[in-house]
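Here are my notes on the model, as numbered points. Please read them with the structure open.

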Amino acid sequence: MLRFTTKLALGTALLCAALTAEAKLTVPELEDLPILSQEQQHHTACSRTANYFIRAHYKTVEINDAFADIVIDRYLTYLDYNKSLYTQNEVDEIHNNRSRILRALNFCDLGYPYELFNDALRRRFAKYKFFVDYIKGPIDLNGHETLEFDRKDSPYFKTADELRSQWIAEIKNEYLNQILNDKTPEEARQRLTRRYEAALSKLAQTNSEDVFSTFENAFASSIDPHTSYLSPDDSESFNDDINLSLEGIGAVLTSEDEYTVINEVMPGSPAELSKKLKAKDRIVGVRQEDGTYDDIIGWRLTDVVRKIKGPKGTKVTLEIERGDDGSSKTFAVELVRDKIRLQDREAKGEIKEVNGAKIGVISIKSFYTDLHKDIKREIDKLSADGIKALVIDLRSNGGGLLPEAIMSTGLFIAKGPVVQVRDAIGNVMPQADEDESTAYQGPLVVLINRLSASSSEIMAAALRDYGRALIVGDNSFGKGTVQQNRPLARVYDFSGEELGSIHYTIAKFYRITGGSTQLKGVAPDIAFPPQVDDDEVGEASEPYALPWDKIKPTAYKGYLNIDAYVPELTKLHANRIQDNVTFKLIKEEMARYQERKAGKVLPVNLAERQAMKKDDDAFRLRGINERLKAMGRQPVKDPDDLPEDFEFNDALLDEAAAIAGDFADAIAQHTYQAEDTPIFTRFSLSGTQSPAAPSELTAEQLRVN
């Protein structure tokens, strides 16, 4: 599924001279909207994309009327996610033109997709123009209207009047949110007017690549949720993320109304070393080394990023606005762009004290290039400190490079298969760790959550199947497919046009026991309360996800019979968290969310929403003070009384560390010894059996299907 993000990591630098240009948002008229059409490079990119999607994808793709209807539905999801632009009759008419969609898919004649996008652009313009006009008049918040806050699974409205009623409910809801956040009616009107005018301005900046990217991703996501087209800009960002480096100033930017705002300054970057920039600063202008200047008020974030990023050693000057609108000051900062290492994404180790013992923790946020080297470095540091056990924290790790998952897993096992990969024609290729050495042989716990996916699941599943690690946390995402990234440009292209790249699914991966993580994910041995809704997050919630299946297990030699330890460790865990405030609050928060979600609608009534906010605020304040009390700190009267940089203890990680300590104690008491493995008993899953400790469970019972 295509996901549009509003944050982009940058590397950027600035000049100290004052900039005098006045920043001003330009609000377009309808005639200022572009009429977009297919560009020359898009025919090349389209034909190459279709060739890979149809001929090289793991899933057999048949381009027919049924598939065209799926593409139309996906395209409309991107154009009108909340179903507030089109009526059902209009959607039916679009489906009646499926032959033109088929022509786009088969022959790269994208005239109709561009026609639909241009139409949707004008519909969105009309909607925001309506918002701008409506917000100027009286707004009645005493009625009984409701707003369906998530309409993605709802039917389209039947009439234009129903669409207009939806628009009014949306405006009232946004106005209500401003009032509930202590804005005066006039302040609320001004803020929303700026927001809607900024949206209008950005509509006028839409370009042909936006249309092409949207349609190609409708095509891609109709095949499976992890197949996608990446524009040239997105391809560059993908490479930066995989390699954990980029060139620029080192700031994370976000878009807020008409402004580009600094969300975070990266440690050691030109932005941080200047000592002049901080979070919440607004960038209103950019001057290049050659003197060219751009007023970026109202610009799209991707266009701002393109202006600020640049080669190492070049200069860029940012005009910064700081403070509230009424008392803001403007100044300039000159920076020299540099190569920036995304250190906040690197694997990092720390030690937690549990009952007087040292428990090591290594947090891994993604599977990037050379991750296994960073893990080895952190293991060496922690081992030198004499840790009793180790926790690998894979929470919210969405995956990355498959070879890194294999090499990282290999740090904890001797030579052997880590995952099985099956291609589109049924060939099964075990992917193995070929290095017999290990970096760590002690007790191991892997912490996962619902957002642990792909390579995270490969590592967690392999360590569990080998009997090498205990898994704790929430059931993982359930992504069991392998994607290949391929640039669309060729060495024989002489036009110099940027064509972007594609991700497409080429295989499925399977555990060494033969079962797949697809849809099912990795189940924890000791479950923590979920923090997200499993019905909304996970492979099973994605449209057109590939099915679950299994293949034959492969031969491997295991270590511990983890199942034998789980009952005792679960009992210790349950006793420990019985009165744990954070675990209790997580359960309560999820129950409240499910209750609200079941209602499906919000009242657009001031008194009712004030009552809801009062209840929410009281619940939040109670939770904060309960956690503060557990930390031995004084309560607060208002959540805003907490310092901006205040962080609560990570109770889930603390509990994982406590479980690791219990696990180490249990191993010391019960594990059989073997000459080649001083801590762990090894057994074979290739046909022969060795003793299973501490109970009589056999190796066969360790299989996960």
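1. Burial first. A residue is called buried under 20% relative accessible area, exposed over 50% and partly exposed in between, with a 1.4 Å probe and protein chains only. Phe528 is buried by that rule, because its relative accessible area is 5%. Phe583 also counts as buried, at 2% relative accessibility. Of the 705 residues of the protein chain, 52% count as buried.

2. Ground rules. This is a predicted model, in which local features need pLDDT of at least 70, side-chain atom pairs count only at pLDDT 80 or more, and totals for chains, interfaces and linings use all residues. Residues are numbered from 1 along each chain as its sequence is written, and side-chain values use heavy atoms, leaving out hydrogens and water.

3. Overall make-up. The protein chain has 18 helices and 24 strands. Helices (H or I, at least four residues) and strands (E, at least two) are DSSP runs, numbered from the N terminus. A contact means heavy atoms within 4.5 Å. Among contacts in the protein chain with a separation of 6 or more, 76% join residues 24 or more positions apart.

4. Nonpolar cores. A nonpolar core is a set of buried Ala, Val, Leu, Ile, Met, Phe, Trp, Tyr and Cys residues joined through side-chain atoms within 4.5 Å. The largest one has 74 residues, and Leu390, Phe412 and Leu470 touch the most other members. Helix H18 (residues 651-670) supplies the largest share of this core, 11 residues. Beyond its neighbours within four places in sequence, Leu390 is in contact with residues including Ile362, Ile379, Phe412, Tyr440 and Val445. A second, separate core has 67 residues, among them Tyr52, Tyr78, Ala104 and Leu116.

5. The disulfide. How many disulfides does a search of the whole structure find? It finds 1. The definition is a pair of cysteine sulfur atoms within 2.5 Å. Here Cys46 pairs with Cys108, with the sulfur atoms 2.2 Å apart. The link is left-handed, at -90 degrees about the S-S bond. Cys46 sits in helix H1 (residues 40-55), and Cys108 sits in the loop between helix H4 (98-107) and helix H5 (111-134), 62 residues apart. Both cysteines, Cys46 and Cys108, are buried.

6. Helix H17. This helix (residues 606-630) has 25 residues and reaches 36 Å from its first C-alpha to its last, close to the 36 Å expected. The expected span is 1.5 Å times one less than the number of residues. Buried residues in H17 include Arg609, Phe619, Asn625 and Leu628. Helix H6 (160-180), helix H16 (581-599) and strand E23 (601-603) are among what covers the buried residues of H17. Just after H17, Gly632 takes a positive phi of about 80 degrees.

7. Aromatic pairs. Rings of Phe, Tyr and Trp (its six-membered ring) pair if their centres lie within 6.5 Å; planes under 30 degrees apart count as stacked, over 60 as edge-to-face and the rest as tilted. The whole structure holds 16 such pairs. Phe67 and Phe219 are edge-to-face, 6.0 Å centre to centre with 80 degrees between the planes. Phe67 lies in helix H2 (residues 65-79) and Phe219 in helix H8 (residues 208-221), so the pair ties together parts 152 residues apart in sequence. Phe67 and Phe219 are both buried. Phe528 and Phe583 have ring centres 5.3 Å apart and planes at 80 degrees, so this pair is edge-to-face. Phe53, Phe67 and Phe219 form one aromatic cluster.
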